[in-house]
Amino acid sequence: MRKNLLVYARYFDIPAAVARKRADELLDWVQLTEKAGADLHALSGGMKRRLVLARALINEPKVLVLDEPTTGLDPQARHLIWQRVRQLQQRGVTVLLTTHYMEEATQLCNRVILMHGGKILLEGAPASLIESEVGREVVELWNCSEAVRSFVAASGFRHEVVEERIYLYDRESGTIRSEIERRFPDQERLIRHATLEDVFLHRAGRSLSEG
Amino acid sequence: MSQLSRISPRAWHVWRRDLDVFFTTWKTNFLPPILEPVYYVLAFGFGMGGMVGDLTYQGQTVSYLKFMGPGVIALAILFWAYFETTYSSFVRMYYQKTFDAIIATPLLVEDVIAGEWFWGATKSLMAGAIVLVMLSLFGLVTYPSGLVVLPLSVLGGLLFSAQGLMTTAVVPKIDSFNVTTFLFVFPMFLFSGTFFPIEVLPRWAFWIAEILPLTHISNLARGACLGIMPSHVAVSVIYLLVLTAVSSYLAFRWMTKRLVK
């Protein structure tokens, strides 16, 4: 694994001594020092991804392009990569990353571009996009009675109905929640913060789009 | 030819990569060129040789074993270059995405192709040298003329390495190498004066054999090992040089087309 970094360093004409030092630092940084001598085929998906991240940094780039860096990784590996990406940002490295995970985009990006079907839907800072597109809070309802359905339909609250489930979008926290709790205390519900995923699904439509 | 001028010294990094990978498993990698000549010498030299008896080469009588030995050198040159830049290069290009990773660095496509090309030739040189040593152990090589095998291995290596890359550039799948192997490599392996003098072939087949580059390599290797000046040396060398130039030109063009979409 260390060898893999050293061979890659050669392509940048990095002197061997510098490359060795950087390789050791980077392996340590992605917590792979123990596996430094391991055969590449013996690595797990998460280890490989960390190695590739380390390798991409061997020439100390100013811009880093990451294509779905945490897809398929376990939570620990995912959080380690997030942590490392944040450190790079603090050091002034520009990171351009693509992801299907809205949570990842919210966690890591100063600026996001939401794309759907090859077109740009929205652009901006994650927090302000959530605030302006969806609001603060989302109330999800399921197993709704006819009374609940007609109340929601007549309420004027911004909402979406997807099969059995109703999504209510609240600009301020608590208004819709307390109204539902007061009128239908037994209603099954989930109250949560609005996320970038809501923004995306709201804009792109909740139905599956293939191709 | 402008493409060749784009090759930078960084091409050696690609060559070094292949060399490093090769030496991680050097024990198994060196086994074939060590054992192959032994098997050929035992099977053909002692086995068939006893039935065939002696042959005349350039007017001199030589045993079948001595005649056939240099043929094994020619085969090693062919196989080690050609199979490196077909199957092995294809795996690096298609399955391991090694070339994609390298092109993401300051290296150019031309550097990658050149690195692979030189590496194929390097393998021929290693194989040629090892087989030469093994044949020497059987007392089948005359020195110092036998040392001509080394530059010959480089020339033949560059030729077959380039032709391997030409193949790699055009095959859709790894299985397609079977086609070129059985249409070109196998007939060449058998009909290039490696195991018998091509003069015994019917006239038409003789001329086809004369076109095959391996014929000229085995002829030159034989001359070198036996210490006998082979016929039309200059023609053979010039023919091999011209073929190498044309093949490498096409290898660079076609591989670039394949790698840059």
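1. How many residue pairs are in polar contact between chain A and chain B, counting pairs with both residues at pLDDT 80 or more? In this predicted model, the count is five residue pairs, and the residues of the side of chain A that touches chain B divide into four nonpolar, no polar and four charged.

2. As for where that side of chain A comes from, its largest share, five residues, belongs to helix 1 of chain A, which spans residues 2–11.

3. The contact as a whole draws on eight residues from chain A and twelve residues from chain B. The area buried between the two chains is about 880 Å², with carbon and sulfur atoms giving 56% of that area. Within chain A, the residues that lose the most area to chain B are Arg10(A), Tyr11(A) and Asp13(A), which together make up 66% of what that side buries.

4. Three salt bridges are counted between chain A and chain B. Arg10(A), already named for the area that it loses to chain B, forms a salt bridge with Asp20(B), where the closest N and O atoms are 2.8 Å apart.

5. Turning to the fold of chain A, there is an open sheet of four strands in the order 6-7-5-8, with antiparallel pairing. Strand 6 (158–162) and strand 8 (188–193) of chain A each have a single partner strand and stand at the edges, so one side of each is left without a neighbour in the sheet. From one strand to the next, the twist averages 20°.

6. Strand 5 of chain A, residues 137–142, runs antiparallel to strand 8 of chain A and is joined to it by six bridges. Glu137(A) has His193(A), in strand 8 of chain A, as its bridge partner.

Definitions and conventions:
Residues numbered from 1 in each chain as written. Chains lettered and ligands numbered in written order. Predicted model: local features only at pLDDT ≥ 70, side-chain atom pairs only at ≥ 80, totals over all residues. Heavy atoms only, no water. Contact = heavy atoms within 4.5 Å. Buried area = accessible area lost by both parts, 1.4 Å probe. Salt bridge = Lys/Arg side-chain N within 4 Å of Asp/Glu carboxyl O. Polar contact = N/O pair within 3.5 Å; in protein donor to acceptor, adjacent residues only side chain to side chain. Helix = DSSP H or I, 4+ residues; strand = E, 2+ residues; numbered from the N terminus. Nonpolar A, V, L, I, M, F, W, Y, C, P; charged D, E, K, R; others polar. Pairing = 2+ DSSP bridges. Axes fitted to C-alpha atoms, helices over the stretch in contact; angles between N-to-C directions.
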